[in-house]
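Colleague: Before I use these labels, I would like to hear what stands behind each of them. Please take me through the model.

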Amino acid sequence: FAQLNVLAKLAGKQYFGSAVDNPALSDVPYRRQLSNWLDFGQITASNTLKWETVEAQRGVFNFTGGDEILALAKRNKQLVRGHTCVWHSQLAPWVEAGNFSAKELTKIIEDHCGTIVRHYRGDICKQQVHWDVVNEAFEDDGTFRQTVFYKTLGKQYFETALRVARKADPKTKLYLNDYNVEGLNAKSDAYYNLIKELKAKKVPIDGFGVQGHLILGRVPTTIKENFQRFADLGVDIAITELDIRMELPVTPEKLEQQKKDYETVIAACKAVKRCIGVTIWDYTDKYSWVPSWFEGEGAALPWDEDLKKKPAYYGIAKAW
Ligand code: XIL
């Protein structure tokens with residue numbers, strides 16, 4: 001019986017991976033399992049590369065948390081996804097408070113993205129790094145989210161961020177990333193059109209990151225078709241933050257449904273050649289973000305709070 005990263009690679013994918021938040025690294029059994037390459041060939045820092053942490057003060061960069069995760073990944077021979085350059089949430093307050101002009105905000109994006117992408121440049125650490133260059137830029141109805149970036153710069157900010165990231169590290173893969181874009185809908189249409197436009201303008205864009213924060217029994221039925229249309233546009237697809245939450249308490253029936261739901265998602269990725277990898281948003285319910293963000297919900301991950309494998313684990317294995 002093989003393990004999740006091994007099975008993903010046998011299916012032709014680059015990795016199966018997990019997110020991790022730095023404080024959990026002091027939990028030794030947790031860290032040991034995270035470091036097991038057979039299950040995880042990739043890791044993502046779930047908080048410490050966000051703007052509020054990396055550049056809390058203008059021009060003062062703090063890579064302590066990110067470097068800790070990069071070092072761990074390097075020891076474990078794991079790939080890394082960088083999360084994230086430009087995002088309205090967990091943004092350093094000074095970016096909004098400054099009421100910057102278009103010119104100045106452009107410079108701020110260039111300095112921020114350029115510095116962090118350069119810091120983790122692939123030929124320095126010899127690890128392939130992906131970057132979520134822009135995160136959560138659209139509303140569910142497909143309109144642009146009215147962030148400080150959009151309000152000040154219009155859609156020009158995508159181009160600014162992508163170009164500076166490419167320059168900072170020509171080898172890293174550049175992604176746009178969002179939730180509720182797993183299946184065909186207005187929001188994934190908006191990304192489809194934006195990526196098409198960026199490609200036509202020769203703006204560097206390598207991939208579409210589909211977060212995959214899903215709800216038990218409600219996995220979209222059009223994931224494969226959606227992924228395929230992005231592949232046909234000429235970008236990779238990565239599932240970047242997969243978890244499938246349920247209303248608590250947990251029952252054996254819900255765990256069986258969760259197993260099926262994970263199987264459905266993994267099978268869709270497997271079926272589309274350019275779906276290159278899957279990351280779960282942490283691997284154990286012990287450290288999932290779900291209970292603190294969605295009232296009454298939880299148990300979203302393939303390992304339970306005692307780091308024991310749940311049926312979902314075997315669903316993922318089966319689908320690969
Ligand atoms: C979440 C983290 O997991 C939490 O610890 C934090 O409090 C809030 O953010 N979409 C994203 C991720 O792109 O960065 C979010 O991560 C989950 C939703």
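**Labels and their cut-offs**

Modeller: The buried residues of helix H14 (residues 311-319) pack against helix H1 (4-10), strand E1 (15-20) and helix H12 (252-271). Those buried residues are Ala 312, Tyr 313, Gly 315, Ile 316, Ala 317 and Ala 319. This is a predicted model, with local features needing pLDDT of at least 70 and side-chain atom pairs pLDDT 80 or more, while totals for chains, interfaces and linings use all residues. Residues are numbered from 1 along each chain as its sequence is written, and side-chain values use heavy atoms, without hydrogens and water.

Colleague: What makes a run a helix or a strand here?

Modeller: Both are DSSP runs numbered from the N terminus: helices are H or I with at least four residues, strands are E with at least two.

Colleague: Why is Ile 280 called buried?

Modeller: Buried means under 20% relative accessible area, exposed over 50%, and partly exposed in between (1.4 Å probe, protein chains only). Ile 280 has a relative accessible area of 0%, so Ile 280 is buried. The residue belongs to strand E9. Leaving aside neighbours within four places in sequence, Ile 280 is in contact (heavy atoms within 4.5 Å) with residues including Phe 16, Phe 40, Leu 242, Tyr 262 and Trp 303.

Colleague: Is Glu 253 buried or exposed, and what makes it so?

Modeller: Glu 253 has 58% relative accessibility and therefore counts as exposed. Glu 253 is part of helix H12.

Colleague: What makes strand E5 largely enclosed by the rest of the structure?

Modeller: Five of the six residues of E5 (residues 173-178) are buried, so the strand is largely enclosed.

Colleague: How do you know that E5 pairs with strand E4?

Modeller: Two strands pair if DSSP finds at least two bridges between them. E4 (residues 129-135) and E5 have five bridges, in the parallel sense, with His 130 opposite Lys 173. E5 is also joined to strand E6 (residues 207-210) by four bridges, again parallel, and here Asn 177 stands opposite Gly 209. From E5 the chain crosses through helix H10 (residues 186-200) to E6 in a right-handed β-α-β crossover. Right-handed means that, with the strands pointing away from the viewer, the path from the first strand over the helix to the second runs clockwise.

Colleague: Why are H10 and helix H11 called roughly parallel?

Modeller: The two helices, H11 being residues 223-233, pack at about 5° with axes 10 Å apart. Angles under 35 degrees count as roughly parallel, over 145 as roughly antiparallel, 65 to 115 as roughly perpendicular and the rest as oblique, so H10 is roughly parallel to H11. Axes are lines fitted to C-alpha atoms, for helices over the stretch in contact, and angles run from 0 to 180 degrees between N-to-C directions. Among the residues that meet are Tyr 191 and Ile 195 in H10, and Phe 230 and Leu 233 in H11.

Colleague: What makes Asp 285 buried?

Modeller: Asp 285 has a relative accessible area of 8%, so the label is buried. Asp 285 sits in the loop between E9 (275-280) and helix H13 (290-293). A polar atom of the Asp 285 side chain lies 2.9 Å from the backbone nitrogen of Leu 301.

Colleague: And why is Ser 288 called buried?

Modeller: The relative accessible area of Ser 288 is 11%, so Ser 288 is buried.

Definitions and conventions:
A polar contact is a pair of N or O atoms within 3.5 Å; within protein, one must be able to donate a hydrogen and the other to accept it, and residues adjacent in sequence count only if both atoms are side-chain atoms.
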